[in-house]
Number of protein chains: 2
Amino acid sequence: MDILSENNRLAERNRGYFEAKQVLALNLVSSPGSGKTTILEKTILSMVATHKIFVIEGDQQTARDAERIEKSGAPAIQINTGSGCHLDARMIHQALQKMEVASKAILFIENVGNLVCPAMFDLGEEKRVVVISVTEGDDKPLKYPYMFQTSNLCIINKIDLLPYVDFSVETVQNNARQLNPSLEFILMSARTGEGMEEWYKWLGEKIVTRDA
Amino acid sequence: MDILSENNRLAERNRGYFEAKQVLALNLVSSPGSGKTTILEKTILSMVATHKIFVIEGDQQTARDAERIEKSGAPAIQINTGSGCHLDARMIHQALQKMEVASKAILFIENVGNLVCPAMFDLGEEKRVVVISVTEGDDKPLKYPYMFQTSNLCIINKIDLLPYVDFSVETVQNNARQLNPSLEFILMSARTGEGMEEWYKWLGEKIVTRDA
């Protein structure tokens, strides 16, 4: 697989860049419409006074997400993948040349909404965060196993809609743990704010090691 | 693009096969978890007594969807794409050799849940149906334009959840019509049954031409 080995090489280069600058780089992946951008907006509003935050946005078309993010107060760069279905390490490398990410910053990379292809492309991130909303059904980990196997944290979003849908949190967790026993979970409603504190705590723990 | 031209050639072969048998082949595409399988289950239960229905199911992993479909009373064949992110014309051609589709039947092809890659791969279908659920956000057509440009019908599903989410049916319709002025729409809740009659009517009109 030539494309993948080339990508993996560039991903290591990005990883070295982040390491040198002590940047916490997170790759956020999900289906379309799971709420990644809303989670980022709320996170930036809450943390931007005390943390340096930068965002790279990936979408097939439009700069809507980067515009939403910049309104929240963080510098953002939009990558349009056109007919492409995922971000790759080269796109991140090029974005890093356009946007100077400060040292000890948090860099959120919001991938194209797609549970399949982004799983195959390492961007050089430190942690991969998969977001699933409760409206998507609790069989998603079994049907899209690579994404759950390669993620470190699973945010189960839109839990305010649990009363109205057939979705078992326990089932999705069991299904995902079968594939990846070390996967962590946070239950969240970015809309109501539930679970956001736990997410900020998770982020804070990852940053703390940089200041030690 | 070698892969695409090879695919387009095989798609035409499938199209000829369907034409010869007067099969109405529909390619159902969407994000993961938009409700395609539930729509098919309800459709089969309602129509199987009066129509010949066959289903090809695409997923990265598991035979769950084909099992759900067969319980509803239609023959189904499951294709697992592994690391692949879409069905292609060759997979459909091979499935047609394993499952004898009756003449004048309806063949539903449920694609892998992915708003990006399946847009590029013609399967030889007569109509493409994109399903979007109201929990996914009304900006999806702008962010995933190819899928909406290449579809004939857009089912807006899970409308029973409209009171609980920020989603404007009018906005999604306007956004999609900008890309594809001839796109038709059906508002639906497969869960409550709302809109199903309109969908059966749409299907019926497509079949009627075969009996003329």
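**Where chain B meets chain A**

Tutor: Start with one pair of side chains: D59(B) and K143(A) form a salt bridge, with N and O 3.9 Å apart. (That term asks for a side-chain nitrogen of Lys or Arg within 4 Å of a carboxyl oxygen of Asp or Glu.) Keep in mind that this is a predicted model, where local features need pLDDT of at least 70 and side-chain atom pairs count only at 80 or more, while totals for chains, interfaces and linings use all residues. Residues are numbered from 1 along each chain as its sequence is written, chains are lettered from A and ligands numbered from 1 in the order written, and side-chain values use heavy atoms, without hydrogens or water.

Now for a second pair to find on screen: D139(B) makes a salt bridge with R64(A), and here the closest N and O atoms are 4.0 Å apart. D139(B) sits in the loop between β5 (127–133) and α5 of chain B, while R64(A) belongs to helix α3 (residues 64–72) of chain A, so this pair ties two chains together. (Helices, H or I with at least four residues, and strands, E with at least two, are DSSP runs numbered from the N terminus.) Across the interface of chain B and chain A, the rule gives eight salt bridges, and the whole structure, over all chains, holds 32.

Next come the polar contacts (N or O atoms within 3.5 Å; within protein one must be able to donate a hydrogen and the other to accept it, and sequence neighbours count only if both atoms are side-chain atoms). Between chain B and chain A, 11 residue pairs meet this way, both partners having pLDDT 80 or more. On the side of chain B that touches chain A, the elements giving two or more residues are α3 (64–72), α5 (140–143) and α6 (145–149) of chain B. Of these, α5(B) gives the most, with three residues. Sorted by class, that side of chain B has 14 nonpolar, 11 polar and 10 charged residues. (Ala, Val, Leu, Ile, Met, Phe, Trp, Tyr, Cys and Pro are nonpolar; Asp, Glu, Lys and Arg charged; the others, Gly among them, polar.)

Finally, zoom out to the whole interface. Chain B brings 35 residues into contact (heavy atoms within 4.5 Å) with 35 residues of chain A. Together the two chains bury about 3,100 Å², with 55% of it on carbon and sulfur atoms. (Buried area is the accessible area, 1.4 Å probe, that two parts lose on being put together, summed over both.)
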